[in-house]
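Come along and check each entry against the picture.

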Amino acid sequence: MRERFRVVGGAHLVGEASVVGAKNSALKLMAVALLAVGRTTLTNVPAIADVTIMAELLRRLGVGVDYDAAAETVVLDVPERIGHRADYELVRALRASISVLGPLVARVGEADVAVPGGDAIGSRGLDLHAAGLEALGAEVHVTHGYLVATAPNGLHGAEIRLDFPSVGATENILTASVLARGTTTIDNVAKEPEIVDIAEMLTSMGARVEGAGTSRITVSGVDSLSPCEHSVVPDRIAAGTWAFAAATTRGDIEVVGGVADHLRAPLGALERAGCHVETTDRGFRVTATGRTLRAFDVATLPYPGFPTDLQPFALTYNAVAAGSAMVTENLFEARFRTVQELARLGADTQVDGHHVMTHGVPILSGAPVESSDIRSGAALVLAGLVAEGDTLVSGVHHIDRGYPRFEEALRALGADVTREPDDEPFE
């Protein structure tokens, strides 16, 4: 059944919002578990739909998966023999499923992974994944919609340089190289906290990984790994969402569990725009109550730059901030779908290629809108909170993939947001 959020405008969000483990780490760590026979336990796992999808994908590979959303844990029992084919049925719904590629090639010597689907935010080429695995000794090709990688003679160490610091390619090359013979160096890698999280889990399993969080990772291959227990790193994108929720609604939110150091670029931008940002014993706090906030320019960049996942929130913030500002998207060409929906709410925006110019207006006007991906959907909910009247946000299933019980968290902060069937006309 299709569902939507009914959002009543006029909210100033005040209180605390809790952040648990990162979606973009938990899903990848579940794939990392494939590297070791036995029982691996992940804690601080978010209660989101994407974890359920990844759990089912791993079950079809022969892994026993016990996902307790209430307890925020996933227990994975990995047998000696596992499958190697990740079917399109599940992969099309979850781009993160490509992260099984490296572990499967390393453990099984072959992997058939359907070319991913997921969010409608633009192409995410797999060339870097393929080139990295080929450098490690795998044979890689695409056939009938599947990326097929085989390593009949095993993998060996190599010197690899990525043309772009791709998170997904970094992850797959890293997880493939830990069981390769010899030493692997990977230059120009992604530096995200989620990469560091994967490296820490691999180290706990017995891998020899150095340099995670820098532009160069060195891996000394080992013969085998052991299962472990690991706590997922806090979700910096969810934490950033609540920071923008405070700023956009002129509220005051303490983000419990958020790590300010993971969000230097966006929090710095909000602070320069007029928000008060401070670290606390439990996370960080963003205060915008009673403040005149200015629009600010944004250019998305790989970490530690401004995250592309927070770009829709910057658009929404700028739509009701004082002045004009330019948002530049450097990573995904289709990530401006939020703009046309904001325009339906009365935002003054113009798109020019990968730039959007926004001129702030005092208030938006409620209307029905459609979310196209996880972050766009959440940003449109925030837009509805600063609109006059009701806003209906369709495509709630996207939001559920990234935010556990989003409407409940918003109501705890003073918002009037309800979930309802998406089969009634807008009134």
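**Ground rules**

I noted that this is a predicted model, where local features need pLDDT of at least 70, side-chain atom pairs count only at pLDDT 80 or more, and totals for chains, interfaces and linings use all residues. Residues are numbered from 1 along each chain as its sequence is written, and side-chain values use heavy atoms, with hydrogens and water left out.

I also wrote down that helices (H or I, at least four residues) and strands (E, at least two) are DSSP runs, numbered from the N terminus.

**Entry 1: H4 and H6**

At what angle do H4 and H6 pack? I found about 15 degrees between helix H4 (residues 101-108) and helix H6 (residues 167-177), with their axes 7 Å apart. Axes here are lines fitted to C-alpha atoms, for helices over the stretch in contact, and angles run from 0 to 180 degrees between N-to-C directions. H4 and H6 are therefore roughly parallel to each other; angles under 35 degrees count as roughly parallel, over 145 as roughly antiparallel, 65 to 115 as roughly perpendicular and the rest as oblique.

I put down the crossing of H4 and H6 as right-handed. A crossing is right-handed if the near helix is turned clockwise from the far one by less than a right angle, and left-handed if anticlockwise.

Then I looked up who meets whom: Leu101, Gly102, Pro103 and Ala106 of H4 touch Asn172, Thr175 and Ala176 of H6. Contact means heavy atoms within 4.5 Å. The H4 and H6 contact has 4 nonpolar, 3 polar and no charged residues. For these classes, Ala, Val, Leu, Ile, Met, Phe, Trp, Tyr, Cys and Pro count as nonpolar, Asp, Glu, Lys and Arg as charged, and the others, Gly among them, as polar.

**Entry 2: H8 and H9**

Next I turned to helix H8 (residues 236-248) and helix H9 (residues 264-273), which pack at about 10 degrees with axes 11 Å apart. That makes H8 roughly parallel to H9. Ala243, Phe244 and Ala247 on the H8 side meet Pro266, Leu267 and Leu270 on the H9 side. I sorted the residues of this contact into 6 nonpolar, no polar and no charged.

Which residues of H9 are buried? I listed Pro266, Leu267, Gly268, Ala269, Leu270 and Ala273. Buried means under 20% relative accessible area, exposed over 50%, and partly exposed in between (1.4 Å probe, protein chains only). The cover over the buried residues of H9 includes H8, strand E16 (276-279), strand E17 (283-287) and helix H10 (311-319). After H9 comes Gly274, with a positive phi near 125 degrees.

**Entry 3: H11 and H12**

Thr338, Glu341 and Leu342 of H11 make the contact with Ser376, Leu380 and Ala383 of H12. By class I counted 3 nonpolar, 2 polar and 1 charged residues there.

I zoomed in on Thr338, which sits in helix H11. Is Thr338 buried or exposed? At 1% relative accessibility, Thr338 counts as buried. Setting aside residues up to four places away in sequence, Thr338 touches Pro312, Leu315, Ser376 and Leu380.

Over in helix H12 I checked Ala383, which is buried with a relative accessible area of 0%. Beyond its neighbours within four places in sequence, Ala383 is in contact with Thr316, Leu342, Leu345 and Leu364.

**Entry 4: positions from a record**

I looked up the UniProt entry, which is unreviewed, and under "binding site" it lists Arg95, Asp309 and Leu331. UniProt positions are in the numbering used here, feature names are shortened, and annotations may be inferred rather than shown by experiment.

I found Arg95 in the loop between helix H3 (88-91) and H4, buried at 18% relative accessible area. Leu331 is in the loop between strand E19 (324-328) and helix H11 (337-344), and at 25% relative accessibility Leu331 counts as partly exposed. Not counting residues up to four places away in sequence, Leu331 touches Phe164, Thr300, Leu301, Pro302 and Thr308.
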